Amino acid sequence: RNIEECIRVGMPFGVYTYSYALNINNAINEANLVIKTLAPYKDKVRFPVIIDMEDADGYKGRNGMPSNETLKAICTAEGEIFENAGYYAIVYANSSWFKNQLAGLTRFDKWVAHWPVSAGKQKGNATSPDGENANNCGIWQFTSEGKLNGYSGNLDMNYAYKDFVLNKN
């Protein structure tokens with residue numbers, strides 16, 4: 001539905017997938033499912049396909065957390081499948097995961113979630129785009145408490161340091 005609505009209103013879009021893979025076979029199956037799902041929209045995808053490699057819901061921890069090497073191999077397997085299908089792959093994780101579980105993963109651009117704080121609270125929209133991760137990633141998610149006119153809830157806010165728009169014709 002979201003893809004159809006983006007197409008209807010002419011809004012460029014990419015795809016975000018939260019990985020539940022615990023091994024390479026799971027990763028291949030996940031990536032192929034994403035490719036199959038995107039097939040009808042192949043020429044419409046204008047932004048990257050993003051792999052979220054965290055354990056925010058505890059699934060990996062409850063089901064046998066893979067080794068750091070396996071986590072990186074999962075990212076690589078999925079990312080390469082996305083690239084071979086013609087998409088631009090990015091790995092999303094918080095800064096702790098990139099420093100620990102995914103240390104050394106340099107094959108893909110990073111989308112780093114790291115929320116600077118002041119007096120114990122997130123800085124929100126007051127965060128400058130020259131933040132500490134600006135030189136270490138393609139996209140920096142600087143808050144989960146962002147605000148925009150017309151919406152009353154909190155939003156994740158990001159700075160992109162690259163032009164990720166694909167197929168600009």
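Hi everyone, let me start with a working definition: a disulfide here is a pair of cysteine sulfur atoms within 2.5 Å. With that cut-off, searching the whole structure turns up zero disulfides. Cys75 is in none, and its nearest cysteine sulfur, that of Cys137, is 15 Å away. Cys75 counts as buried because its relative accessibility is 0%, and Cys137 is buried too, at 11%. Buried means under 20% relative accessible area, with exposed over 50% and partly exposed in between, using a 1.4 Å probe and protein chains only.

Quick housekeeping: this is a predicted model, where local features need pLDDT of at least 70, side-chain atom pairs count only at pLDDT 80 or more, and totals for chains, interfaces and linings use all residues. Residues are numbered from 1 along each chain as its sequence is written, and side-chain values use heavy atoms, leaving out hydrogens and water.

Now, the sheet. It is open, with six strands in the order 1-2-3-4-7-8 and mixed pairing; strands are DSSP E runs of at least two residues, helices H or I runs of at least four, numbered from the N terminus. Pairing takes at least two DSSP bridges. At the edges sit strand 1 (15-18) and strand 8 (151-160), each pairing on one side only. Strand 1 runs parallel to strand 2 (residues 49-52), joined by four bridges, and Tyr18 stands opposite Asp52 in strand 2.

Finally, which residues does Gly79 touch, beyond those up to four places away in sequence? They are Ile51, Ala89 and Phe108, contact meaning heavy atoms within 4.5 Å. Gly79 lies in helix 4 (residues 68-84) and is buried, at 0% relative accessibility. Thanks, everyone!
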